[in-house]
Amino acid sequence: MSIPERPQLRPFLAAAPDEGDPRFVILWDRLGIGAGPQRLTLLEFACLQMFDGQRTLRDIQAEAIRRVGGELLPFEMFVTLAKRMEEALFLDGPRFRDRLAGPIREPSCLDSYGSDPDEVRRLVRRQFTDPRGPGLPGPPRPDGRLRGALIPHIDYYRGGVSYAWGFKEVIERTDASLFVIIGTSHLGARNFALTRKDFKTPLGIARTDQTFIDRLVAHYGDGLFDDELVHLPEWSIELEVVFLQYLHGDRPFRIVPLLVGSFQDMIEADKLPLNRPDVARMVEALRRAEAETREPVCYLISGDLAHIGPKFGDPEPVWPAALAHSREQDQAILRQAEAADPAGYFRVIADEEDRRRICGLPPTYVALEAMRPSHGRLLHYDQYVHPRGHESVSFASVAFYR
């Protein structure tokens with residue numbers, strides 16, 4: 001296998017000390033498309049910091065002499081390290097770019113719902129028929145009033161019933177076959193990330209609507225594909241697509257997959273996100289793209305609510321008092337959602353400085369501003385609580401109407 005003359009580590013790699021042996025570092029792929037985690041010596045890891053695309057392996061060897069105190073390291077060590085990184089798909093180059101170039105976005109969270117189509121269908125069906133669920137959807141009765149819905153993106157085993165409440169309303173109340181899915185970007189992009197790739201799941205391939213995407217790009221401008229890579233490992237859109245595929249069956253539908261990064265800068269500045277130029281531009285672009293579309297458009301917001309407990313950095317386990325407080329704050333947020341008030345929604349979260357990490361804030365705010373519903377209706381709310389209080393995640397389904 002050939003290696004680049006000037007090797008460069010690719011984006012979205014992460015590293016941490018090996019907890020079992022501090023002499024080693026674990027390097028892994030946040031995109032989930034390369035090989036498994038790589039265990040490196042501290043020396044190997046130090047050398048990798050020089051894989052910057054500017055230095056040749058000879059340059060790196062020469063620089064390493066200075067960094068390790070004058071010891072000449074064998075050139076073969078650097079060749080072997082570069083080959084290892086190339087084989088793992090950890091280097092930027094033709095193999096990595098070819099892996100990204102295909103028109104299909106492969107599923108990234110099969111461990112959440114399985115790879116067998118029949119089992120996936122049974123799993124989704126159980127969310128509707130569960131004693132806490134809404135029952136299976138009835139005959140469609142669209143009246144043109146449903147604009148969209150907030151749906152969770154927690155895994156199905158913990159939050160699938162809430163998905164069912166939201167999707168039952170969607171499938172019964174709209175005849176739209178075009179869904180703009182606005183989801184949380186968990187890799188922390190601070191802007192918007194769009195992709196033209198079709199989404200593959202065990203239930204088939206969901207096609208993206210290239211015409212709507214063209215309109216969105218025309219009205220927004222450059223930059224929407226700069227962070228396209230974050231779509232590869234992101235689950236927030238994929239988990240909504242599976243439900244759409246199950247409910248639509250053989251009826252075709254299309255999606256527009258849009259991820260939204262953090263609004264932490266606006267929380268810290270105590271300013272509404274609409275004051276940020278890229279947010280205002282996206283809201284306007286969505287409105288104009290929809291206005292030019294001669295068919296119903298349904299918005300799906302993929303976002304959860306609070307994330308509290310030691311797993312997320314809080315010092316104390318999640319005890320009943322903390323859960324009660326979090327539930328009360330969630331209800332304050334959801335009242336603003338039902339009022340279709342994006343500014344009020346943001347203000348509740350900003351006033352507590354987002355201490356509970358409301359990951360659904362960015363997509364919900366953008367979608368509410370774009371679709372401008374008259375009101376919303378809470379369909380379902382729940383909190384997942386770890387048995388030992390290590391974490392709690394809350395989530396809800398809310399329908400929005402004209």
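Asp-18 and Arg-39 pair up in a salt bridge, with their closest N and O atoms 2.7 Å apart; the term covers a side-chain nitrogen of Lys or Arg within 4 Å of a carboxyl oxygen of Asp or Glu. The pair ties together distant parts of the chain, 21 residues apart: Asp-18 sits in the loop between β1 (13–17) and β2 (24–29), and Arg-39 in strand β3 (residues 38–41). Helices (H or I, at least four residues) and strands (E, at least two) are DSSP runs, numbered from the N terminus.

This is a predicted model, in which local features need pLDDT of at least 70 and side-chain atom pairs count only at pLDDT 80 or more, while totals for chains, interfaces and linings use all residues. Residues are numbered from 1 along each chain as its sequence is written, and side-chain values use heavy atoms, with hydrogens and water left out.

**Salt bridges**

- Asp-18 counts as buried because its relative accessibility is 14%; buried means under 20% relative accessible area, exposed over 50%, and partly exposed in between (1.4 Å probe, protein chains only).
- Across the whole structure, a search turns up 36 salt bridges.
- Asp-52 and Arg-55 make one of them, at 2.7 Å from N to O. Both are partly exposed, Asp-52 at 27% relative accessibility and Arg-55 at 23%.
- Glu-172 and Arg-141 also meet in a salt bridge, at 2.8 Å from N to O. Here too distant parts of the chain are linked, 31 residues apart: Glu-172 belongs to helix α6, and Arg-141 to the loop between α5 (117–129) and β5 (146–151).
- Glu-172 is buried, with a relative accessible area of 4%, whereas Arg-141 is partly exposed at 46%.
- A network of salt bridges joins Asp-143, Glu-169, Arg-173 and Arg-377.

**Helix α6**

- Helix α6 (residues 156–173) has a kink of about 30°, centred on Ser-162; the bend at a residue is the angle between axes fitted to the seven residues ending there and the seven starting there.
- The helix is mostly covered, with 15 of its 18 residues buried.

**Nonpolar cores**

- The largest nonpolar core holds 52 residues, and Ile-182, Phe-192, Met-282, Leu-286 and Val-366 have the most contacts inside it. Such a core is a set of buried Ala, Val, Leu, Ile, Met, Phe, Trp, Tyr and Cys residues joined through side-chain atoms within 4.5 Å.
- Helix α13 (residues 361–371) gives this core its largest share, seven residues.
- Another core lies apart from it, with 48 residues, including Phe-96, Leu-100, Phe-128 and Val-170.
- Leaving aside neighbours within four places in sequence, Val-366 is in contact (heavy atoms within 4.5 Å) with Ile-182, Phe-192, Val-260, Phe-263, Val-279, Met-282, Val-283 and Leu-286.

- Asp-209 is in the loop between β9 (204–208) and α7 (210–220), and counts as buried at 8% relative accessibility.
- A polar atom of the Asp-209 side chain lies 3.2 Å from the backbone nitrogen of Thr-211.
- Neighbours within four places in sequence aside, Asp-209 is in contact with Leu-178, Arg-254, Ile-255 and Val-256.
- Pro-257 is part of strand β10 (residues 254–260) and is buried, at 0% relative accessibility.
- With neighbours within four places in sequence left aside, the contacts of Pro-257 include Ile-181, Phe-199, Thr-208 and His-231.

Methods: Polar contact = N/O pair within 3.5 Å; in protein donor to acceptor, adjacent residues only side chain to side chain.
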